[in-house]
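Student: Could we go through this model together? I would like to learn how its features get their labels.

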Amino acid sequence: MDVTKIVQPGIDIFGITLMEPVTVVTNLMISGVCFYAFAKLNKQDDGNRVLFYMKYYFLTMGIASTWGGFIGHGFLYLLDESWKLVGWVISMISVALLERSAISHANRFINPKLGKAFLIINIIELLILMSFTISTMHFKYVEFHSAYGFIIVVTSFHLFTYVKTKDKGSLFMIYNTVVLLGAVATFNLPIILHTFFNHRDLAHILMVIASYLIYLGAINLHKHEAKQAVAS
C-alpha cells in the first residue's frame, strides 16, 4: 500500500475547500512548537555553534511544516504536485542542521580532523539525497534522509556524548528519536483511527512531542556548553 495516496476528505469553509483539514491543523501544531522554540532559543543565542544550528533547525522545520500543511495538503489541489518539493527540501535542510549540532557538540571528544570530515559528509549526503528527491519527486528519499539523520547521526553522536558526560540534553535527543520511530511506524503501517484522524495526524502528534523533546534537549545542551566554556 502506498500510504502517501491515502487522502483525508476536504471541508468547505466560507466557500473555500480545505483538503485534509486535520492534517493541516496537526502540521501547524508542529510549526507552533518549532516557532516557539526558535523564539526562546534566539533570546539565548551567545554565538555557540550547537545552539545556532538547533535554533535554525526549529526555524526551518517550522517553515517546512507550515508549507506542508497549507501547500502540501490543504490547497495542493489548486497547484502542481511539484510544489510539495519546497517543504520537503526545507525539512531536509532542517535535519541536516540538527545533524551538525550533534556533531559539533561531540567535537571536543573526537579528533578535530575527524570532526571536520563528519561535517563535510553531512553536506554531501544532504546534497545527494536532495538531488534524488528533486529528480524523482518521491517522498521516500525525504524519509530516508530523516531516518539517517536522526538514527545514524543525531542519536549516535548524542549517545556517544551522553556516555562521556551524562548530559541531560543528549538524553532528551535520544528520547526524541524513540518518539520519532513511533511516528515513522504509525505513518507506514499505517495506523488510521478515523477518516478525519489518519496515520498522518497521529504521526504529527508524535512529532509535536518529539519537537518539544528537541527543545528541552537544546536548552540543556546550551547549559552544558556554557559550563564547559566557563571551565575552559
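Student: Which residues make the nonpolar surface patch?

Tutor: Ile-16, Tyr-77, Leu-78, Leu-79, Trp-83 and Val-86 make this patch of about 570 Å². Keep in mind that this is a predicted model, where local features need pLDDT of at least 70, side-chain atom pairs count only at pLDDT 80 or more, and totals for chains, interfaces and linings use all residues. Residues are numbered from 1 along each chain as its sequence is written, and side-chain values use heavy atoms, with hydrogens and water left out.

Student: Why is Leu-78 called exposed?

Tutor: Its relative accessibility is 59%, so Leu-78 counts as exposed (exposed is over 50%, buried under 20%, partly exposed in between, with a 1.4 Å probe and protein chains only). Leu-78 lies in the loop between helix 2 (49–74) and helix 3.

Student: And what makes Trp-83 partly exposed?

Tutor: Trp-83 has 40% relative accessibility, so it falls in the partly exposed class.

Student: How many aromatic pairs are there?

Tutor: The count is 13, where rings of Phe, Tyr and Trp (its six-membered ring) pair if their centres lie within 6.5 Å; planes under 30 degrees apart are stacked, over 60 edge-to-face and the rest tilted.

Student: Why is the pair of Trp-67 and Trp-83 called stacked?

Tutor: The ring centres are 6.1 Å apart and the planes meet at 25°, so this pair is stacked. Trp-67 is in helix 2 and Trp-83 in the loop between helix 2 and helix 3, 16 residues apart.

Student: How do you know that helix 3 is largely enclosed?

Tutor: Of its 23 residues, 19 are buried, so helix 3 is largely enclosed by the rest of the structure.

Technical notes
Helices (H or I, at least four residues) and strands (E, at least two) are DSSP runs, numbered from the N terminus. Patches are made of residues with over 30% relative accessible area and no salt bridge: like charges are joined within 9 Å, nonpolar side chains (Val, Leu, Ile, Met, Phe, Trp, Tyr) within 5 Å. Accessible areas come from the Shrake-Rupley method with a 1.4 Å probe; for residues, only the protein chains shown count as cover. A salt bridge is a side-chain nitrogen of Lys or Arg within 4 Å of a carboxyl oxygen of Asp or Glu.
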